[in-house]
Amino acid sequence: LNSPGLIARYEKKCTKLQSFVAAHERLPSYSARAPGERTLAVWLARQLKSLSPIKSPYTSLLESVHPIVQKQVHKHLNPGATFQAKCDELIHFVHKNRRLPKSSQTDAHEARLGRWFYHRLLRIDTCSDSEMRMLMSTHDMVRDRIAKWKDPLAPWKKQCAELTAFLQEHDRLPKASKHTPHEEKLLHGWLHAQA
């Protein structure tokens, strides 16, 4: 597997990949019209898929091609780190903007982050336990959206629980007057909307 002939052929492919990435500042694409680019894209995908956490001469060669390729190698060897980085981006965005990112925004970064989060929601039942913990630890808004996605009645159930807690604490229905606390006014408004 580590014979000089195999390593030499691997080095040759890495050199072709290096030339391509240096010239185009991107990875080769499957959908490219140029057959040479498609072939390179398929080869790279196979190499990334076959990476092993145990460092080999092939991994080192592939990492040395270009920082863009090195990033892909790292991503394939450490999928949890990539997921955590996205969760960190989500935390930063929600704290800064006080809302979740939207995939329909003109801001490219927000649109990418919004698409990433939306795709996580679509596959929420297939998230690993560690991915779910990372997502749930980001922000209350994220937890609420996940709960709503898993159970569309979750927001309503949450309001019912808040109403129950209010009734137990105050032994009366919430009201909305000039001196009523904001949270109680919100609960009062929600209760009246149910009627």
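Modeller: Let's start with Arg38: leaving aside its neighbours within four places in sequence, Arg38 is in contact with Ser29, Tyr30, Ala32 and Arg33. Keep in mind that this is a predicted model.

Colleague: Okay, what makes those residues count as contacts of Arg38?

Modeller: Contact means heavy atoms within 4.5 Å, and Ser29, Tyr30, Ala32 and Arg33 meet that rule with Arg38. Arg38 itself lies in helix α2, residues 35-49.

Colleague: How do you know whether Arg38 is buried, partly exposed or exposed?

Modeller: Its relative accessible area is 35%. Buried needs under 20% and exposed needs over 50%, so Arg38 is partly exposed.

Colleague: And how far apart are the C-alpha atoms of Arg38 and Lys55?

Modeller: They are separated by 27 Å, with Arg38 and Lys55 being 17 residues apart along the chain.

Colleague: On to the other arginine. Where does Arg172 lie?

Modeller: Arg172 sits in the loop between α9 (154-170) and α10 (182-194). Leaving aside its neighbours within four places in sequence, Arg172 is in contact with Phe166, Leu167 and Glu184.

Colleague: Why is Arg172 called partly exposed?

Modeller: Its relative accessibility is 30%.

Colleague: Now the helices. What angle do α6 and α8 make as they pack?

Modeller: Helix α6 (residues 108-122) and helix α8 (residues 140-150) pack at about 40°, and their axes are 10 Å apart.

Colleague: Why is α6 called oblique to α8?

Modeller: Roughly parallel would need an angle under 35 degrees, and roughly perpendicular runs from 65 to 115. The angle is about 40°, so α6 is oblique to α8. As for handedness, α6 passes α8 in a right-handed crossing.

Colleague: Which residues of α6 and α8 meet?

Modeller: From α6 there are Phe117, Tyr118, Leu121 and Leu122, and from α8 there are Val142, Arg145, Ile146 and Trp149. Sorted by type, the contact has 7 nonpolar residues, 1 charged and no polar.

Colleague: Last topic: cysteines. How many disulfides does the structure hold?

Modeller: The count is 0.

Colleague: How do you know that Cys87 is too far for a bond?

Modeller: The closest cysteine sulfur to that of Cys87 is in Cys127, 8.8 Å away. A disulfide needs the sulfurs within 2.5 Å, so that pair is too far for a bond.

Colleague: Are Cys87 and Cys160 buried or partly exposed, and what makes them so?

Modeller: Cys87 has a relative accessible area of 0%, so Cys87 is buried. Cys160 has 23%, so Cys160 is partly exposed.

Technical notes. Residues are numbered from 1 along each chain as its sequence is written. This is a predicted model: local features need pLDDT of at least 70, side-chain atom pairs count only at pLDDT 80 or more; totals for chains, interfaces and linings use all residues. Side-chain values use heavy atoms; hydrogens and water are left out. Axes are lines fitted to C-alpha atoms, for helices over the stretch in contact, and angles run from 0 to 180 degrees between N-to-C directions. Helices (H or I, at least four residues) and strands (E, at least two) are DSSP runs, numbered from the N terminus. Angles under 35 degrees count as roughly parallel, over 145 as roughly antiparallel, 65 to 115 as roughly perpendicular and the rest as oblique. A crossing is left-handed if the near helix is turned anticlockwise from the far one by less than a right angle, and right-handed if clockwise. Ala, Val, Leu, Ile, Met, Phe, Trp, Tyr, Cys and Pro count as nonpolar, Asp, Glu, Lys and Arg as charged, and the others, Gly among them, as polar. Buried means under 20% relative accessible area, exposed over 50%, partly exposed in between (1.4 Å probe, protein chains only).
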